[in-house]
Amino acid sequence: MAELKKPTYQVTGKSFTAVAINTAAKAGEWIKSKLGDISAIDQKTSSRDLVTEVDKGAEKMIRNLIHTHFPTHAILGEEGVEPGPEASIQALQDLSESEFLWIVDPVDGTTNYIHGFPFFCVSLALAHKGEVIVGVVYDPVRDELFVAEKGKGAYMKGKRISVSSEQTLSESLVATGFPGGPGMLERNIAQMLYLVPRVRNIRTSGSAALHLAYVAAGRLSAFWEMNLNSWDIAAGALLIQEAGGRVTDIDGKPFDLSVRHIVAANKHIHDELHTALAQA
Ligand code: 2AM
Ligand code: CA
């Protein structure tokens, strides 16, 4: 008897954005279900740089979901890269020739997650030949999913979002974070000292990706931080651009995937913020 041919399944027909949304939502729900239930916390470079089995499990789930739909696409995920900036820069370079590259932070705000401080998210971006074309940031605590497609705008819960309208730094709410790496903290503190009296106030809530989504939604006027990795900012940068804001590196160069010192703001205050940071 002839052997039955095994069926080969290929899931097709889903858009990049639909897969990004479904994947972020599924991973986010799972992460939320594990909140307060973590048995092991590992240190990466220091007690300020942490990872849990939830970060690793969520990344595995995200990789599987993406590859179910797009088996040939490359994936750069935080938990697949050795800790430290050199390894991150190298990993991005190694994948820079990929036609389609997904850039994944399974949990952005891991320290918050471990402490039960409800400000963390899943961040997924898809780059085509080095240019980010889809960005999704999902906050499972508030069930808020921010999504942007290159050239098609940024949305949350079906409504278009846009950056805030403040015209000056003095009326702006600005966020930052305390970066890792030699000399970074000193520079960041100098920037904060200079900026605090010049802005309405500063927030440092511990998730770069969610801060960037908040800039896109107009809840924050601006965000800057030093020494971030591509997975912290790729999705958020597209959200802000598509919401009408401007994203550069700290030297004013327009955003690309290699940017590590990010300055993102509405278009009215970006120059003023960028100049202030240069003077700090
Ligand atoms: P994570 O939670 O995914 O690690 C907070 O300032 C931001 O910095 C978060 O987005 C956090 O991402 C990121 N972050 C934490 N430790 C870092 C490190 N050693 N290098 C670069 N970014 C880091
Ligand atoms: Ca992370």
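1. A quick term before anything else: a polar contact here is a pair of N or O atoms within 3.5 Å. Keep in mind that this is a predicted model. With that cut-off, Asp232 makes the list, as one of its polar side-chain atoms lies 3.5 Å from an oxygen atom of ligand 1.

2. Gly109 puts a backbone N or O atom 2.7 Å from an oxygen atom of ligand 1, and for Val107 a polar backbone atom is 3.2 Å from a ligand oxygen. As for cover, ligand 1 has 490 Å² of accessible area on its own, and the protein covers 83% of that.

3. Where does ligand 1 sit? You'll find ligand 1 in the largest pocket. Around it are 17 residues, with Asp105, Asp108, Gly109, Thr110 and Glu225 the closest.

4. On the make-up of that shell: seven of its residues are polar, six charged and four nonpolar. Strand E4 (residues 100-108) is the top contributor, giving three residues.

5. Finally, have a look at the domains. Domain 1 (10-160) and domain 2 (169-279) each supply at least three residues to the shell around ligand 1.

Terms used: Residues are numbered from 1 along each chain as its sequence is written. Chains are lettered from A and ligands numbered from 1 in the order in which they are written. This is a predicted model: local features need pLDDT of at least 70, side-chain atom pairs count only at pLDDT 80 or more; totals for chains, interfaces and linings use all residues. Side-chain values use heavy atoms; hydrogens and water are left out. A residue is near a molecule or strand if one of its heavy atoms lies within 4 Å of it. A polar contact is a pair of N or O atoms within 3.5 Å; within protein, one must be able to donate a hydrogen and the other to accept it, and residues adjacent in sequence count only if both atoms are side-chain atoms. Accessible areas come from the Shrake-Rupley method with a 1.4 Å probe; for residues, only the protein chains shown count as cover. On a 1 Å grid over the protein atoms alone, a cavity is a set of points where a 1.4 Å probe fits but cannot get out, and a pocket is an open set with protein on both sides within 12 Å along at least five of seven lines; lining residues have an atom within 4 Å of a point. A molecule sits in a cavity or pocket if more than half of its atoms lie within 2 Å of its grid points. Helices (H or I, at least four residues) and strands (E, at least two) are DSSP runs, numbered from the N terminus. Ala, Val, Leu, Ile, Met, Phe, Trp, Tyr, Cys and Pro count as nonpolar, Asp, Glu, Lys and Arg as charged, and the others, Gly among them, as polar. Domain bounds come from an automatic or database domain assignment.
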